[in-house]
Amino acid sequence: MMETVMDVVGVGAITLGAVLTLIAALGMWRYGDLLARQHVATKPQVLSLLLYFVGIALVVRSPQITWTMLLVIVFQLVTAPISAHLLARAAYRTGRVDREAYAIDELAEDLESTERQ
């Protein structure tokens, strides 16, 4: 009985992760602005991966696979915000971002103050 419940919850988590990935794909298609597309792509990145791995852990029930997936999740949680930040900053510096669209542009102020020094 317990194995059946774990299988159902696991498949549900995998399905929910797939739905989040599909929503991100649709957002990538819908938005044209680089930062909006990046936002849509990176938000479900960690949550979908987490749901996939929880689902797989519940279905497979192997300690080795579960610990490996936990390590992958930890590395993903650490590296995903850093890579997204660096990609956005690189896009800004190379002029691929519409700077006129922002009411507050703190990075421009920082870059100008750095150039003055």
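Which residue takes a positive phi just after α2? I found that Arg61 does, at about 60°. Helix names here follow DSSP runs numbered from the N terminus (helices are H or I, at least four residues; strands are E, at least two).

**Ground rules.** I am working from a predicted model, where local features need pLDDT of at least 70, side-chain atom pairs count only at pLDDT 80 or more, and totals for chains, interfaces and linings use all residues. Residues are numbered from 1 along each chain as its sequence is written, and side-chain values use heavy atoms, with hydrogens and water left out.

**Arg61.** I noted that Arg61 is not a glycine, yet has the positive phi. I placed Arg61 in the loop between α2 and α3. Its relative accessibility is 33%, so I logged Arg61 as partly exposed. The cut-offs I used are under 20% relative accessible area for buried, over 50% for exposed and partly exposed in between, with a 1.4 Å probe and protein chains only.

**Helix α1.** The 29 residues of α1 should span 42 Å, and the end C-alpha atoms are 42 Å apart, so the two agree. I listed Gly10, Ala13, Gly17, Ala24 and Gly27 as buried in α1. The cover over these buried residues includes α2; I counted contact as heavy atoms within 4.5 Å.

**Helix α2.** I read α2 as residues 34-60, 27 residues in all. From first C-alpha to last, α2 reaches 38 Å, close to the 39 Å expected. I found a bend of about 30° at Gln45, taken as the angle between axes fitted to the seven residues ending there and the seven starting there. The buried residues of α2 include Val40, Pro44, Leu51 and Phe53. What covers the buried set includes α1 (2-30) and α3 (63-93).

**Gln38.** Is Gln38 buried or exposed? Gln38 is buried, because its relative accessible area is 15%. I located Gln38 in helix α2. Leaving out residues up to four places away in sequence, Gln38 touches Ala84, His85, Leu87 and Ala88.

**Tyr31.** I placed Tyr31 in the loop between α1 and α2. Tyr31 is partly exposed, with a relative accessible area of 37%. Not counting residues up to four places away in sequence, Tyr31 touches Ala36, Arg37 and Val40. Between Tyr31 and Gly12, 19 residues apart along the chain, I read a C-alpha separation of 28 Å.

**Rings.** I looked for charges over rings, meaning NZ of Lys or CZ of Arg within 6 Å of the ring centre and within 35 degrees of the ring normal. Arg30 sits over the face of Tyr31 at 5.1 Å from the ring centre. Arg99 sits over the face of Tyr92 at 4.0 Å from the ring centre.

**Nonpolar core.** I defined a core as buried Ala, Val, Leu, Ile, Met, Phe, Trp, Tyr and Cys residues joined through side-chain atoms within 4.5 Å. The largest one has six residues: Ala91, Tyr92, Val97, Leu107, Ala108 and Leu111. Two or more residues of this core come from each of α3 and α4 (106-116). The largest share, three residues, comes from α4. I also listed the contacts of Val97, which touches Leu34, Leu35, Ala91, Tyr92 and Tyr102, not counting residues up to four places away in sequence.

Note on methods
Expected span 1.5 Å × (residues − 1).
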